Amino acid sequence: MGQPATKTTEIGLKPGVVTGKDYQTLVAAAKAGGYALPAVNVASTNTVNAVMEAAAKNNADVIVQLSNGGAQFYAGQGLADGFQAKVLGAVSAARHVHLLAEHYGICVVLHTDHANKKLIPWVEALLDHGEAFYRETGKPLFSSHMLDLSEESIEFNLSECARILERMSRMGMSLEIELGVTGGEEDGVGSDVDESADNSRLYTQPEDVLRAYETLAHIGDFSVAASFGNVHGVYKPGNVRLRPEILKNSQTLVQKRHSSAANPLNLVFHGGSGSEKEKITEAVGYGVFKMNIDTDTQFAFSKAIGDFVEANPKAFKYQLDPVDGTPFKKYYDPRKYLRLAELGVVERMGEAFEDLGSKGRSLVRK
Ligand SMILES: [Zn+2]
């Protein structure tokens, strides 16, 4: 917005996981350039690799994120200690991305999704691993984590965020907080959309955002998942009314009180799946640099497998054709349909990069 297009190409970052100052450069470039990055929930190497492939194909930078459930799945549902699996799965996925991202030639932000009060120990355990990794490599394991204490009092929410951010900022990490409630549920965090409920909770109050800014800005880098009627999941048209102007009101209030530049806050759009394109564009104009997408990429992954199974039903029941003995190995080899699933994600993400304006905007110096 208002910045010449050449500005971002002059910056130039090295490909790989971005943290600290490089992460802040990426966020600032997105806001200045009027685009946002998709943040995709992953749960396996297939989804992680598909996200990096999609970013490379679209010459765009990207955010890879793990929910606590996604992290557990990554480690394996069979691990007896579920909490340990949530920690180790996230660590394993992060190390996988640290190893591979630079070879895809794009910048990757590594992030964890919603952590409510009972998941604070999960974030703290990840910080233990992050600090060890930092001593080893000079980089934190993740670029950022999220704390979603939106169901608690604003006092508790902000004091816990301040405490955790203090620890994170020593490694140059950023914290995403949540103010107001994103409708729907994400991995057991949040609540279902109740249309009869008091809807003011679904819309972030600018006064709360100002308070967050005044509590956290001097401690470290942070972003705000603000609620403007967004929900997790995809619902029938008409069930969700997005009001991006809520975001503008928060930006304006902070800007006025602190005489800062336009759009002083880094905002995050949760529940991006199924959203109307013009509302996405409007939200990006109000300082949204990150839009979460999970439901639509899950569907793209599964639909590709569904289509393949439908086209080759016998290969999923028999090793040899019961009529003529033809071997079906090349159909039931999991790589066959998992690759199609990856390509389904790559294709859906092409749409996301277009919608968010980030296609062709990678900050990697080519
Ligand atoms: Zn969310």
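## Strand S4 and its partners

Two bridges link strand S1 (residues 16–17) to S4, and the pair runs parallel. Within that pairing, Val17 sits opposite Val108 of S4. Keep in mind that this is a predicted model. Strand S3 (residues 62–66) also runs parallel to S4, this time with 5 bridges, and here Val64 stands opposite Leu110 of S4.

## The nonpolar core

Val108 turns up again in the largest nonpolar core, which has 101 residues. Along with Val51, Val64, Val224 and Val288, Val108 touches the most other core members. Helix H5 (residues 82–104) supplies the largest share of this core, at 9 residues.

What does Val108 touch, leaving aside residues up to four places away in sequence? Its contacts are Val17, Met52, Val62, Val64, Val97 and Ala101.

## Helices H8 and H9

Elsewhere, there is a helix pair to look at. H8 (residues 206–216) packs against H9 (residues 245–258) at about 50°, and their axes are 8 Å apart. That angle makes the two helices oblique to each other, and their crossing is right-handed. On the H8 side the contact is made by Pro206, Val209, Leu210 and Tyr213, while H9 brings Asn249, Ser250, Leu253, Val254 and Arg257.

Key: Residues numbered from 1 in each chain as written. Predicted model: local features only at pLDDT ≥ 70, side-chain atom pairs only at ≥ 80, totals over all residues. Pairing = 2+ DSSP bridges. Helix = DSSP H or I, 4+ residues; strand = E, 2+ residues; numbered from the N terminus. Core = buried A, V, L, I, M, F, W, Y, C linked by C-beta atoms within 7 Å. Buried ≥ 20, exposed ≤ 12 C-beta atoms within 10 Å, placed from the backbone. Contact = placed C-beta atoms within 7 Å. Axes fitted to C-alpha atoms, helices over the stretch in contact; angles between N-to-C directions. Parallel < 35°, antiparallel > 145°, perpendicular 65-115°, else oblique. Left-handed = near helix turned anticlockwise from the far one by under 90°.
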